[in-house]
Amino acid sequence: MRRAAILLAGVAAALVAGLAVAGQPPQGQPPQPPPDPAAVLQGVCSMCHGVDFIAEHHKDRDGWDFTVHRMMDKGADLDPDTAALLIDYLAKTYPADPKPAAPPPGNAKGSR
């Protein structure tokens, strides 16, 4: 009886160790690189929008963050890490239009 309990404990320990190792990437292989955000834009976003439609919109990072999360709420298949990469890409590629500079003082209409 004692021998069976020891054997069972050994099998359980081996099973737990095997599961722990199975959850780790194989040694010697580098981790997967992050996805290319341009490819994500082409693959995920263009399922519903043409890239030309997206390119017409220019937003700051907060604007793109809002838009991407709204699209995720509507069913866009993005995990949080890929969404963050896409948001950074969109903010750099399609930034908000710069605000026009204020006219120099004295050039306002009605001034002499």
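This is a predicted model: local features need pLDDT of at least 70, side-chain atom pairs count only at pLDDT 80 or more; totals for chains, interfaces and linings use all residues.
Two packed helices are described by the angle between their axes and the distance between the axes. Here the pair is α4, residues 61-73, and α5, residues 80-93. Their axes come within 9 Å. They cross at roughly 135°. An angle over 145 degrees would count as roughly antiparallel, and one from 65 to 115 as roughly perpendicular. The helices α4 and α5 are therefore oblique to each other. Their crossing is right-handed.

Residues from both helices form the contact. On the α4 side, Arg-61, Trp-64, Asp-65, Val-68, His-69 and Met-72 take part. They meet Ala-83, Ala-84, Leu-86, Ile-87, Asp-88, Leu-90 and Ala-91 of α5. By class, nine residues in this contact are nonpolar, one is polar and three are charged.

The cysteines were examined next. A disulfide is a covalent bond between the sulfur atoms of two cysteines. A search of the whole structure finds zero disulfides. For Cys-45, the closest cysteine sulfur belongs to Cys-48. The two sulfurs are 8.9 Å apart, which is too far for a bond. A disulfide would need them within 2.5 Å. Cys-48 is likewise in no disulfide, with the sulfur of Cys-45 as its nearest cysteine sulfur.

Cys-45 has 16% relative accessibility and so counts as buried. Cys-48 has a relative accessible area of 68% and is therefore exposed.

Definitions and conventions
Residues are numbered from 1 along each chain as its sequence is written. Side-chain values use heavy atoms; hydrogens and water are left out. Axes are lines fitted to C-alpha atoms, for helices over the stretch in contact, and angles run from 0 to 180 degrees between N-to-C directions. Helices (H or I, at least four residues) and strands (E, at least two) are DSSP runs, numbered from the N terminus. Angles under 35 degrees count as roughly parallel, over 145 as roughly antiparallel, 65 to 115 as roughly perpendicular and the rest as oblique. A crossing is left-handed if the near helix is turned anticlockwise from the far one by less than a right angle, and right-handed if clockwise. Contact means heavy atoms within 4.5 Å. Ala, Val, Leu, Ile, Met, Phe, Trp, Tyr, Cys and Pro count as nonpolar, Asp, Glu, Lys and Arg as charged, and the others, Gly among them, as polar. Buried means under 20% relative accessible area, exposed over 50%, partly exposed in between (1.4 Å probe, protein chains only).
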